[in-house]
2 protein chains.
Amino acid sequence: MIVVLAGGVGSARFLQGLIRIRHQEEITVISNTGDDFQFYGLHISPDIDIVMYTLAGMVDEEKGWGFREDTFHCQETLSKLGLESWFKLGDRDLATHIYRTNQLRSGLKLSQITSNLADSMGLRIKILPMTDDRVETRILTEQDNIHFEEYMVKRQMRDDVRSVEFSGIKEAKPGPGVIEAIQEAEAIIVAPSNPIVSIGPILAVEGVREKLKASKARVVAVSPIVQGSPIKGPADKLMRSTGVEVSAFGVAQLYHDFLHGFILDELDLEQKARIEGMGLSVATTNTIMKSIEDKERLAERSLNILQS
Amino acid sequence: MIVVLAGGVGSARFLQGLIRIRHQEEITVISNTGDDFQFYGLHISPDIDIVMYTLAGMVDEEKGWGFREDTFHCQETLSKLGLESWFKLGDRDLATHIYRTNQLRSGLKLSQITSNLADSMGLRIKILPMTDDRVETRILTEQDNIHFEEYMVKRQMRDDVRSVEFSGIKEAKPGPGVIEAIQEAEAIIVAPSNPIVSIGPILAVEGVREKLKASKARVVAVSPIVQGSPIKGPADKLMRSTGVEVSAFGVAQLYHDFLHGFILDELDLEQKARIEGMGLSVATTNTIMKSIEDKERLAERSLNILQS
């Protein structure tokens, strides 16, 4: 079993490559839920959804979110009612959130609901929420304490970030199967997503980091930073705010206590020696996933370094 | 001020006529909420919605519910997730229910939310839910106790009805403005809707029937029964099950304690004398509202009998 710690878009793209070279049944994704939030009273799980939609071939790849060719009739009507619409929800996409919210209210756990959703999309990969408890990634700016999605989507990452908090993380128990998956994994991959707000919350769930350190499986991380910038999203601002060097090296530092291998972009070759200096095996390749071939190659590199 | 006790489709059509001859600002609708129910965890108010959509010119007149030219992308997706879809909800229509549910959860009352919804649709007519409390019209069949919408829409009125219950009605307080509207009305019209399940719940709310009897305004009812059959819906079955004669006379009997006038269909002329025998003024006209002219004429007849 290959276990992948995953955030949103970058992780979803990486997984698209991985399922081309491994059976879905052999892969377990542990998904960040710190981005989960309520919008219109509906429970949205942005990271779980982007992974599901992407792997099911339903995602709008151009936008990077939502369903391909979706309509927005419901949200357009909600806007006329005076509700905010900074988080875009297409009509087909809405079904996921209505379903999830309704099932949560009737007492099901996020993990069960996620499994049902993945099934209905024809996925055979296992997607485990990091926790069934409520964790919220909060961004503390100069003036405010706001949810990560509000910071990223509504405010377009304009605010200066003072710090990041995972509200509820102390009380959160790992979701069903999470610890077992790490313990029984043959290989563990940290997908190329934001190390602070996408991978960070997973690592902060009780027991996860310890079990990663103790795991007999080799652990490899794919750098989401190329030439000092994230491929997508606010990783640079968030890393800087938490005092981490904005580089592949900085990412490796965040994970080094449980890491064996590291996939570095070929444009960052000059960082190879520094990262190897931490005792890690380093492989380089193109990590900017444009074509499906890019994704497959990156997945292959990650598996190879695990076996080497 | 003209007060109209209203149910669904029949009442909405009647009101379409009334707003052509009176300013919306002069009309207060007291709306049945016994049909309200939860679907996908969303709070649906079928009678309030059909009145709003119809008066705003947005209703799908052919179907008799929902928005004109709506799409069903969300519900189609929910069906694929295995959820029931016997109650059809278009994408634009869904916005109403998501809005209402979200506002209820944040502590607003149904009356305030209804007022906001009506405003947003450009309506100036006042629509008052009969109560802000939860009342559910339940249909007791041989085997089951089911919600009225389930009986009507899901089971297509196939079951034999033993009795009808308004669950929660004893604890329900009249909605804000309901009693005042009846007390201050110049004229009161009982619109042509199902007397058992559409008008019945309104009359059963604490104080409503007494205030109707005590009101200085004249009260007229428009018959929803023509030649022994309802124009639409299951009124015949429900009247029969509660031991009421399925006829305009039967309807007049249900209301006679607070009624002054009665609008009878011209096809039911032979019932005029019987109804007059109850001490009511009776006018006859075509009550089957097909064209907008039909609706306007019916509204005019109702106002005339109130003034005579």
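1. In which helix of chain B does B:Ala181 lie? B:Ala181 belongs to helix H7, which covers residues 178-184 of chain B; helices here are DSSP runs of H or I of at least four residues, strands are runs of E of at least two, and both are numbered from the N terminus. This is a predicted model, in which local features need pLDDT of at least 70 and side-chain atom pairs count only at pLDDT 80 or more, while totals for chains, interfaces and linings use all residues. Residues are numbered from 1 along each chain as its sequence is written, and chains are lettered from A and ligands numbered from 1 in the order in which they are written.

2. B:Ala181 is buried, with 23 other C-beta atoms within 10 Å; a residue is called buried if 20 or more other C-beta atoms lie within 10 Å of its own, exposed if 12 or fewer, and partly exposed in between, with C-beta atoms placed from the backbone. Once neighbours within four places in sequence are left aside, the residues in contact with B:Ala181 are B:Met1, B:Val3, B:Thr28, B:Ile30 and B:Leu128, where contact means C-beta atoms, placed from the backbone, within 7 Å. B:Thr28 is 153 residues away from B:Ala181 along the chain, yet their C-alpha atoms are separated by 7.3 Å.

3. Turning to the overall fold, chain A has 13 helices and 14 strands. The radius of gyration of chain A is 18 Å, close to the 19 Å that the globule rule gives for 308 residues, so chain A is as compact as a globular protein of that length; this radius is taken over C-alpha atoms, and the rule is 2.2 Å times the number of residues to the power 0.38. Buried residues account for 51% of the 308 residues in chain A, and among contacts between residues at least 6 apart in sequence, 69% join residues at least 24 apart.

4. Strand S13 of chain A, residues 261-265, has five of its five residues buried, so the strand is largely enclosed by the rest of the structure. From S13(A), A:Gly261, A:Ile263 and A:Asp265 point one way, whereas A:Phe262 and A:Leu264 point the other way. S13(A) pairs in the parallel sense with strand S10 (residues 218-222) over three bridges, and with strand S14 (residues 281-285), also in the parallel sense, over five bridges; pairing requires that DSSP finds at least two bridges between the strands. A:Val220 stands opposite A:Gly261, and A:Val282 in S14(A) is the bridge partner of A:Phe262.

5. As for the two chains together, chain B can be laid on chain A with an RMSD of 0.0 Å by a turn of 180° and a shift of 0.0 Å along the axis, the copies being superposed by least squares on the C-alpha atoms of residues with pLDDT of at least 70 in both. That is the relation of a two-fold axis, and in chain B the C-alpha nearest the axis is that of B:Asp91, at 3.2 Å.

6. At the interface, 21 residues of chain B are in contact with 20 residues of chain A. The elements that give two or more residues to the side of chain B that touches chain A are helix H3 (73-80) and helix H4 (91-105) of chain B, and H4(B) gives the most, with nine residues.

Technical notes: Contact = placed C-beta atoms within 7 Å.
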